[in-house]
Structures are given as C-alpha cells and as structure tokens.
Amino acid sequence: MRYSKHYPSQTRQTLLALLLVAAGLQTGILIGQADESTIDSQPPVSQVQVSKQLQPESVISKAEHTPTAPPVPAEKVIRQTSPLTTEITSPSQQTPITLEDYKAASASQLAEWARQQRISGQQLLDFALETIKTTNPELNNVISLRESLARQESDQMVDQGQPFYKVPILVKGLGHTIAGSSNTNGLAFLKDKTSSSTSAFVKQLQKAGFIVIGQSSFPEMGWINVTNSNLYGNTHNPWQLDKNPGGSSGGSAAAVASGQVSLASASDGGGSTRIPAAWSGLIGLHPTRGILEGNPTSERSNVSHFALTKNMEDTKKLFQFLLKDKAKAQQNSQHLDPSIPIAYTTQTPAGTPISKEAITAVKEAVAFLQEQGYQTVEVPYPVDGKAMMHYYYTIAASAAPSINFMAQQSLKRPLQKDDVELLSWALYQTGKDLSKDDVDKAWKGIAELTKQLNQFYQKYPIFLTPTTAYPAPPADYHHIPQELVAQLSDMSQLSKHEKLDLIYRQWLPAWTLTPFTQLANLTGTPSLSLPTYVTTSGLPLGLLVNSSAHNDGLLLQMGELFEKANRFHILTAVPKGLPTNLSQETQTRTKKTKNQQEIIPVSYHTKSWARYASLQTSHNKLPQTSEDNSQGISVAAYVSLFLGTLFLAGSASKQKETH
C-alpha cells in the first residue's frame, strides 16, 4: 500500500505498456503504407514505353548550336522500337532491366545481363538510341548514327566469351573510323567524306563484343582541349550544359557522363582522353606507348587509343583485352602497397596559374593516401615545362601540312585561310617552314626529358598532379586571344622562330587550363585521370596519376584504391555510398559549407537537366545529418516498442515478486 500513491496498479501498468506497444506497431504500419504509397504514386520514369516510331531526324543538334553544320546522314527508316523494359521469363522472376538501369550500369554489367539473357542486344540498342534521342539536342555530342547496321551486327554476334558482349558503344569521330561512316577530320571541306574501311582499333573494340551505334563529336583535327568546331558546333557538358566537356574526346565524354553509352572510345595526343575525363567526371587512361592493340608503336608517336569509362572494372578489363601478348611480359607486376613512395605537386610545369580547387583536389587525395598508410612527398615539377611545350607545339605544327594535302585531294587546289579554323591555318603556316631537322631536334629534346623523368620515377614510382588546373570552361570557349588574331591570320612576314613563338603565345591560355597531361604523351609513359573531386560550383576535377613505362598496372591499382573507398564522383553511375575516410581538410571544408548553409553537389545530379526527367538522378551531398522525416518516425516507433517492452518486463517481474 505504501507504493500506491506513486505507482499505478499492476493492471494499469500492463495496460499502459500494451498501449505503447500498440502505438509503436501502428506507427510502423503507417510507415510501411507511406512508403508503398510513395512508390505507387511515382511512375517509373525509367520504364519508358515507346508506342510510336522514332521520327527520322538528323542527329546533329539544333541550328542554334551548329549554325554552319551540314546535315548528317541519319537512318532513313528507323524501325519500330520495342518497349524499353525487358520481359523476364525466368522462373526466378527477376526485376526487369529499365532505362535508368541501363544508364547507370557499367559496360561489364550490361554484358553480363545480355549473356544471362536478362536483356537482348536489340533492347540494349533501344535504350542507347532512346537516350541519344533525348539528350543529343542539348549535348550536341553525336555526329552520326548507324542503327540498322548495329542491329544486324548485334543479331549476328555469337557469344564467344567477349568481355563486352553486345554492349552499345559510340566511337570518336576522329581517327576511329568505321566503314561507311563520317570521316571528316572536323574539316568543313570534307563534310561529306565517309570512310571506306574500319580502323584497326575499332576492329579490336568489335572483337571485344562492342556494337558501334555511331560517332561522337570532336574539334577540328583534334588540336584543342575543348570540343567545339565550325563544322559540328559546341558540345555541352552533362554536369552543366553551359560548360564544355573537354577535348578532343569531348563527344565521347558527354556520351558516357549522360548515360548514352556505358563506355566510349577516346584518343589522346596531349590529354584528349584525360582532360574530358577530368571535366566530365570519368576515368581516362593514357597507356604506355604501343602496348595495346590498335595503338601506334613508333617511338615518335604521342597518341594513344583507349576509352572513357565509369568504373575501374571496365577500365581494367578493356586494358587487359587490348594488351598485346609481347607487352604482357613487359608489364611491371609490382603490387601497390604503402612502402611505395608517392610524389605529388601542385606546381604547374611552367609556373602558369592554378586554381585553389585544383590544389585542394590533390591535397585531399594526398590526405586520403596518408590515412591509408602511404608515404607522400611534395616535390617541384620534375622537368622543364616550358621546353616540354615548345617540343609539343613543334611536333603539332609539323603535322599541320597534312591538311593541305587533304585540300588538294578534295578541292583540287592548295589550302586557303577560309577553308579551316584560325588555329589550323596558323599551324599550317608554321609547319610549312619546319624541316626534318627541326622535328628531329624536338624529339631529341624529348628523349633527354624522358631520361630525366625516368630518374625521377626510380625514386618516386607514382607521381600525382591535378589533371587540369581549372574546372571546365564555357561551352563556346575559344582560347586564341583577340590581339593575336591578325598576326595568326597572316604569318608570311615572320621568321620560323617568330612563328613558333606566336604559336606558343596563342596556345598559352588553353595550356594554362590544362598544363599537366602532355608530359605522358611525349615520354610514352602511362597516365590515369580519376574523378575524385567536385568543386563548390558542382563541376568535376580529376586527379592525375602518372608512372614510368609499363607501370600501367600500378596506376590501375591506384584507381581501384580510390574507387573502393567510394571516392569517385560519377554523374550516371549507381551511387555506392559516400567517402568514409574523409581527410581533415575535407571535413573542415564540409563544416564551413554547412555553416554557410550551402550544399556541395558531389555527384549524380545536374540542375541543367530539369527538362529531362530521364537524366535526373539522386542528389548526394557531402556527409551530414539526415533530415529524412520517415527516419524520425521510425525512431519514434522503435522507442515506443522499446518502452512498452520494458514496462511489460517490469510488470511481469513485479508479479513474480508479489507471488
């Protein structure tokens, strides 16, 4: 009786407990119903049902993007497409593959689905073509399609264990020729030229199982680090449409970043794979000179052919497929471990400016490596960057007279200024004056530079820099300063050395944006751009990982290290979580951003795509406390259940004590 004033009776105590349990259960039921109603009320935008034929139309972007672009041949008859969901007949009743699944999947995943017959090759082509139809008017990154031939090739392909079985691919319109398709080199006077054969590299891609559906855009002759041209217009970046995806493989970068295809071919003569990778949030590998099938083997080649990818599995799998038998024995089998010293710098090769965010991108990567136990050493840039760029421009100019040969073949007259863009004309005027001795001298200088770099790599097998010094420039970016236009238009009164100096000065603004990539091209060494950083304005920046010749495997392991730690930012890839080992600097930057009530978009979303629901994906933020209301309700339910259980347990215990 002495406790009756302070505590309820056993009956009232039991009733209270039961009420708490019931409240908890009811809350849980409401949560489940709310979740179900949310799902039911949102139509699956990825399961697009195409009920009418695709209208035959040019794949070139609208006139405002390409005022001078010629019409590009498209399929005259485009057959009725099947619904963009797969019919699963397996007894296991697996979830249908949707358009959103397609856009998020890697090439390896698509091949696996095709091999498992969860999706047909025709349906994969349906997904690719539907995505191109939806996005190309804004991106302006596809210059031609070959739908009917692609469908035939897919139907005829036999499964022989190809790593990328029936996976759709876009190939770069420059150099990666395919019989019957455009072969313009970006030159307006060759706008109607098609290729009579398929290049050795594209044949290797087909051998790997890829189905070529079309070609991607590029700048004239591939000279520049962005993708715009008089012939094709400006290509746009899926992250932000007013930005450029980079060049010269920008059309392929936009294709992979937007989900048109899971992988697209790229080539790199001075950064043309890695620069678009950095500015479009992708992986870009420039392999050791000559080790891959379909790649030039000359010691004087600065060009590689590979691809832009979304994950390391695809990157590694394609690399291993293309690796020549002879090169396999040359590959360094060293395993990546913390005993390997890693050098890094944020200094540019010739002392040109660099953005604070490019510096931060490297410092955050270095902090992550230190947390993993790796030794990192900050170093000055290891070679004379200005001399390196003079060698690079000399070699570029020496190739320009080939345009005159093409003009004579097509126009039956020598090249004239109005036939090409100003940069091509300036390089042509310079190239005419260069002798074989001039080119030999440049390559001899590069050989000395390579020796110097190899000595550096003996001490530091891995060398980190930013991929680019700045984020992506505007879509219509043109680097030539206005004050140099008149001189570049007529260089007839200049000496050879004055012409070379003018070429250097006109290219300096572009090189200021992207000064780090040319080193690997000239020295024949491997270089890998990783999508490890996003700026506060929502644009990606890359981390450039470099090493000595035949150390490609070490770079691929570095990529896997960052990927496994969830440090990649890919626009259309399936989010696998956010970084769990953020550096102290990253945490500080995140805290400051929260205090300013700003959000740093790190991946998977671009506001520019508001008109295209099919391109919008989940919006992730840097780690912060969740504000999801349903989680709060869940917590309340669990608390109610927990308290109710405690009351019941207490009641039962007291009953035992009284008995």
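Predicted model: local features only at pLDDT ≥ 70, side-chain atom pairs only at ≥ 80, totals over all residues.
1. Residues are numbered from 1 along each chain as its sequence is written, and side-chain values use heavy atoms, with hydrogens and water left out.

2. A few totals for the chain. Of the 659 residues in the protein chain, 58% are buried, where buried means under 20% relative accessible area, exposed over 50% and partly exposed in between (1.4 Å probe, protein chains only). The accessible surface comes to about 28,700 Å², and carbon and sulfur atoms hold 52% of that surface; the areas come from the Shrake-Rupley method with a 1.4 Å probe, and for residues only the protein chains shown count as cover. Among contacts with a separation of 6 or more, 78% are between residues 24 or more positions apart, a contact being heavy atoms within 4.5 Å.

3. Now the aromatic rings. A search of the whole structure turns up 14 aromatic pairs. Rings of Phe, Tyr and Trp (its six-membered ring) pair if their centres lie within 6.5 Å, and planes under 30 degrees apart count as stacked, over 60 as edge-to-face and the rest as tilted. Phe-218 and Tyr-232 are an edge-to-face pair because their planes stand at 65 degrees, with the ring centres 5.5 Å apart. The two residues are 14 positions apart: Phe-218 sits in the loop between strand S3 (211–216) and strand S4 (228–229), and Tyr-232 in the loop between S4 and strand S5 (233–234). Phe-218 is buried at 1% relative accessibility, and Tyr-232 is buried at 5%.

4. A stacked pair is there to look at too. Tyr-393 and Trp-507 lie 4.7 Å centre to centre, with 10 degrees between the planes. This pair bridges 114 residues of sequence, from Tyr-393 in helix H12 (residues 385–399) to Trp-507 in helix H17 (residues 496–513). Both Tyr-393 and Trp-507 are buried. Elsewhere, Tyr-381, Phe-456, Tyr-457, Tyr-460, Phe-463 and Phe-516 form one aromatic cluster.

5. The axes of H12 and H17 come within 10 Å and cross at roughly 110 degrees; axes are lines fitted to C-alpha atoms, for helices over the stretch in contact, and angles run from 0 to 180 degrees between N-to-C directions. H12 and H17 are therefore roughly perpendicular, given that 65 to 115 degrees counts as roughly perpendicular, under 35 as roughly parallel, over 145 as roughly antiparallel and the rest as oblique.

6. How many residues of helix H14 (residues 422–431) are buried? The count is 10 of its 10 residues, including Leu-422, Trp-425, Tyr-428 and Gln-429. These buried residues pack against H12, helix H13 (401–411), helix H16 (485–489) and H17.

7. Neighbours within four places in sequence aside, Thr-288 contacts Gly-524, Thr-525, Pro-526, Ala-549, His-550, Asn-551 and Asp-552.

8. Ser-144 belongs to strand S1 (residues 142–145) and is buried at 6% relative accessibility. Its C-alpha atom is 7.4 Å from that of Ser-181, a residue 37 positions away along the chain.

9. Some backbone details may be worth a check in your viewer. Gly-247 and Ser-248 are joined by a cis peptide bond with omega about 10 degrees, and Ser-248 lies in the loop between S5 and helix H7 (250–258). Asn-140 has a positive phi, near 55 degrees, in a residue other than glycine; Asn-140 is in the loop between helix H4 (121–139) and S1 and is buried, with a relative accessible area of 2%. For Asn-185, phi is near 60 degrees, also positive, and this residue is in the loop between strand S2 (168–172) and helix H6 (200–207).

Note on methods: Helix = DSSP H or I, 4+ residues; strand = E, 2+ residues; numbered from the N terminus.
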